Amino acid sequence: MLNLESDIKFIKGVGAKRAELFYKLGIFCVDALIHFYPRKYEDWTQTKTVSEVNNGDNISIKATMITPVKEHMIRRGMTLYKCRFSDGDNIINVTIFNNTYLAQSLRIYEDYILFGKIEKNLTTAAMSSPKIEKIDTGIRVHPIYPASGKLTSNMIAKVIKTALDNLDTIPETLDIGIRKKYNLISLDKAVRSIHSPENESEIYEARKRLIFEELLTLQLGLLKLKSNKKSKTSIHITKDYTDEFLPLLPYALTNAQQRAISECITDMQGVYPMNRLLQGDVGSGKTAVASGIIYTAVKNGYQCALMAPTEILAQQHFESISKTFRNTNIKIRLLTGATKAAEKREIKSQLMEGTIDLLIGTHAIIQNDVAFKNAGLMITDEQHRFGVKQRAALADKGEDIHTLVMSATPIPRTLGLIIYGDLDISILDELPPNRQEIRTDVVDSRYNNRLYKFIKDAVNRGEQCYIICPMVEETEESVNLKSAEQFAEELSQTAFRGYNLGLLHGKMKAKEKDAVMKAFADGDVQILVSTTVVEVGVDVPNATIMVIENAERFGLSQLHQLRGRIGRGSKKSYCVLVSDSKSENARNRLMTMKKYSDGFKIADEDLKNRGPGDFFGERQHGLPNLKIADMLEDIDILHMAQNCAKEILAEDNNLDADKNKHLCENITKMFRTINY
């Protein structure tokens, strides 16, 4: 008999060579194997006759083989096998490609199940390379696994079946009280049913149990991370200075901004350090919120730092916040890679002395030789652009320091608590009243001449324009995509000859990028051809037009981020999405951009279209991989798992109880590859 820790090479039919194929999938033991779930199922139980189906249907037919197999050599390495089956009323011509084993196993006058696509007309019916199994083994629901190279779905299915046949009852991981409350079947039944279900009902019950447990483990892990960070802080904000801060602003804050400031200061007045995410759409006023809590922290005697991902964004924050605090005695300094050596030494000395109240900068802030006398609050802007270690290094500048991370990337509300499970969240869901709507249009390249004239008219009035391309340079694979380098060269010689064109892309050095962006911000560059490196960053109030080439290549949330680069001033702004795609789905996605201006609504639509895996890109948020749960499709189970996690931790915060030991083990397995 096997156990869960058994190496899969000891499963009958695997051996060392095939085990290597499983190892490449990250499957080393029986436990990992039985939790490698099917990606879909083929239901062979609903058999039909040829007369009952339409041409092109994928069907399961019960049929008798009525002619022997004939072999036809087409060319070297390609052999066809042909034979006929009957469903009682109709003849089915079957062709098998290059499968000698299957062809030789078939016996005339025996009954089989044929599964595949039927091709039929008035007189004939045919199936090309159907799946064929004997009647006594074939009438069932077949699991289909993610195949990998030489490891086919059928091979995986056979190995999993062998493992389960040689495995005693799989130990239960959930307490009986939880299973009863949430109507969940046992883990043993769920695992066996997910791999070998009798019907759709069994698949549903098995998935519900396994999805619930996976999402419960995720929630418990994130909540534990959150509670682990809660050691008491010696940094106490005794007085709220918001009423003194508000008159410093030339405008009134939105209700959402006031609420966010209040939530942050309430956190900072507590016994534990603030650990909060400030999430707001492009232009929702996050900097004003940051300024408000910085003001209160400084007035309570603490130093603050604000870290931005680029020098130009740090410079912009410095200018904006300095303007807000110009009539106060708050001392602000800027520290970036471009800061001169003598000035750096001066800044570091003043930080140690405590004469600098607020340090704004790039990752230069987190260098080892940058030390604060009395740090109380650390703020990270566009937090997803920094690695986990960089954010942690900033927080380490003080003892149990208050931290705020800010993001303009809208995450669908349904996922916010998952993605940022170890943070409290403040959402800015209102735009300031002076923020104007950006007109968005979807066109194809036939409109280029009209579009270029529109851009030139705007530039001649003194306005500026972005042109965004999906690629940096042209490659063989991207021959139909606009590349920034080639397109900038082409436009400078044709449509925009005589105009000041700039080029910006991610392969440029940081100093080169900052120089180009500064020239654009200063108005020296009239038209900026760029890749998505402008997605997050600098305000250029004079930029009123954004053209996005091959717009179908971008996610909706990314398009929204790009669109947010314009409309920052008082002039009417326009976003033009250019796409020659004939895909109806692509067209509908782009029309979503025309329909909505709310980043959260767009994020919801984006998630529906692409799913969580694609939505989050290269797992920048540090979430563990989920094997079976889908955070969009399984949102109802997610809510149940969230409630259950809170109930468990309320009763047993450290998961010390014997009934929770398996959950503890699950959390360790799930989070061991994540660097928090």
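Me: Is tyrosine 112 buried or exposed?

Reply: Buried means under 20% relative accessible area, exposed over 50%, partly exposed in between (1.4 Å probe, protein chains only). Tyrosine 112 has 2% relative accessibility, so the residue counts as buried. This is a predicted model: local features need pLDDT of at least 70, side-chain atom pairs count only at pLDDT 80 or more, and totals for chains, interfaces and linings use all residues. Residues are numbered from 1 along each chain as its sequence is written, and side-chain values use heavy atoms, with hydrogens and water left out.

Me: How many aromatic pairs does the structure hold?

Reply: A pair of aromatic rings is described by the distance of the centres and the angle of the planes. Rings of Phe, Tyr and Trp (its six-membered ring) pair if their centres lie within 6.5 Å; planes under 30 degrees apart count as stacked, over 60 as edge-to-face and the rest as tilted. The structure holds 12 aromatic pairs. One of them, phenylalanine 36 with tyrosine 145, is stacked: 6.4 Å centre to centre, 10° between the planes.

Me: Which parts does the pair of phenylalanine 36 and tyrosine 145 tie together?

Reply: Helices (H or I, at least four residues) and strands (E, at least two) are DSSP runs, numbered from the N terminus. Phenylalanine 36 sits in the loop between α2 (30-34) and β1 (40-43), tyrosine 145 in the loop between β9 (141-144) and α5 (153-165), so the pair ties together parts 109 residues apart in sequence. Phenylalanine 36 is buried at 16%; tyrosine 145 is buried at 1%.

Me: What about the rings of phenylalanine 85 and tyrosine 112?

Reply: Their centres are 6.0 Å apart and their planes at 85°, so the pair is edge-to-face. Phenylalanine 85 lies in strand β4 (residues 78-86) and tyrosine 112 in strand β6 (residues 111-120).
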